Number of protein chains: 2
Amino acid sequence: MSPQVIPHALERLIQDLTRLPGIGKKTASRLALNILRRPPAEARELATALMELHRSIQLCSCCFTFSESDPCALCADPKRDASLVCVVEQPGDLLAIEKTGTFQGHYHILHGVLSPIDGIGPGEIKVTELEARAGNGTIKEILIATSSTVPGEATANYLIDRLQNKPVLVTRLACGIPMGMDIKYADKHTLARAIESRSKTT
Amino acid sequence: MSPQVIPHALERLIQDLTRLPGIGKKTASRLALNILRRPPAEARELATALMELHRSIQLCSCCFTFSESDPCALCADPKRDASLVCVVEQPGDLLAIEKTGTFQGHYHILHGVLSPIDGIGPGEIKVTELEARAGNGTIKEILIATSSTVPGEATANYLIDRLQNKPVLVTRLACGIPMGMDIKYADKHTLARAIESRSKTT
């Protein structure tokens, strides 16, 4: 194909879109052509939203979530329980937990998990900051809610270790059979975990 | 979830992203959070590419493809055969055909297919423009390359009708078994078409 067949501006947008996670060359072309077919105002709106993004959002200096204010709305909310802190890997995990509507405490975003193979040690994620918060006297319980993946578990174990001398109760999310799942389809590790952590009926 | 949990600027980007085809609320959140985690320069680059898109690209007045120049690079290329015109639904189809490297003629982009249910009649796509081109004396063959879907076929049949009094040969893409496909997995319509259109061995 002669190089000039795709207009430069289109090619450039396709290139930029392929940087996003899960967007390959084909999806990027489809998205870019779709944007081109729609009114220019929509492309401008999207561009403005992108420009605004980093300009108006920073990290909350307390829990390190993305926020337009510092401290963030959650940390500043007097109705939330400041003695309970949930530790998650990423801001997206915070949103998932907020959606459940069952957690009324504060958060602490690690911004990653320990992954020596990718050069991510405790210094690259917000561990020291968590340790400092754990010693501030307000926090009574730290609920570690990292993913139940290998790096997530490793990070959880590391945090438990780092927090053992702090005057806080360290807890973990329960592990077991997902709601609505047929037992015979559960993988053996999940099933083993569910058996180990079995609970008393009342 | 309290509404202020998601910063407004993030919420707005998520909203704008969900307008794109195949991007739901979850994917949009994932993309937006990913953009937020990356350097601000990348978001700015993407925004600039979006701003530039409609500013620098228009429709070629001859073949109606998206182009930075008018006529487009393909229509202006003296090495291409102006007597053969391939009719496609969208600019993306042009790119797909160009990738094969086997077509050296010009194009005509319809910008849609006939779809009465969506209110798309001949006036909404570039049919009159094709008719005008067919009578200009340069074009000897018009290859109709609409999709082999119901609306694509209907559009092709309509075009064949409209072009029958023009001094041009009207051809269609061959229909048959895709390359590398096992006969037993071909659907019966494709197989029937392949039998009807069987070709002589040399």
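1. Start with S83(A), which touches T138(A), I139(A), K140(A) and E141(A), leaving out residues up to four places away in sequence; contact here means heavy atoms within 4.5 Å. S83(A) sits in strand β3, residues 81-88 of chain A. Helices (H or I, at least four residues) and strands (E, at least two) are DSSP runs, numbered from the N terminus. With a relative accessible area of 17%, S83(A) is buried. For that word, the cut-off is under 20% relative accessible area, with exposed over 50% and partly exposed in between (1.4 Å probe, protein chains only).

2. A word on what you're looking at: this is a predicted model, where local features need pLDDT of at least 70, side-chain atom pairs count only at pLDDT 80 or more, and totals for chains, interfaces and linings use all residues. Residues are numbered from 1 along each chain as its sequence is written, chains are lettered from A and ligands numbered from 1 in the order in which they are written, and side-chain values use heavy atoms, with hydrogens and water left out.

3. On the overall fold, chain A has eight helices and six strands, and along the sequence they run α-α-α-β-β-α-β-α-β-α-β-α-β-α. Chain A is more spread out than a compact globule, because its radius of gyration is 22 Å, well over the 17 Å that the globule rule gives for 202 residues. That radius is taken over C-alpha atoms, and the rule is 2.2 Å times the number of residues to the power 0.38. The C-alpha trace of chain A spans about 70 × 45 × 35 Å along its principal axes.

4. Buried residues account for 43% of the 202 in chain A. Of the contacts in chain A between residues at least 6 apart in sequence, 47% join residues at least 24 apart.

5. Have a look at L46(A), in helix α3 (residues 40-56) of chain A. Apart from neighbours within four places in sequence, L46(A) is in contact with I35(A) and with L13(B), D16(B), L17(B) and L50(B). L46(A) is buried, with a relative accessible area of 6%. M181(A) is 135 residues from L46(A) in sequence and 39 Å away in space, C-alpha to C-alpha.

6. Over in chain B, L159(B) belongs to helix α7, residues 150-162. Its relative accessible area is 1%, so L159(B) is buried. Outside four places in sequence, the contacts of L159(B) are V87(B), L110(B), V127(B), L130(B) and I144(B). Of these, L130(B) is 29 residues from L159(B) along the chain, with 9.0 Å between the C-alpha atoms.

7. Last, T65(B) is in the loop between β1 (58-59) and β2 (66-67) of chain B. T65(B) counts as buried at 7% relative accessibility. Residues that T65(B) touches, beyond four places in sequence, include Q58(B), C60(B), C72(B) and P91(B).
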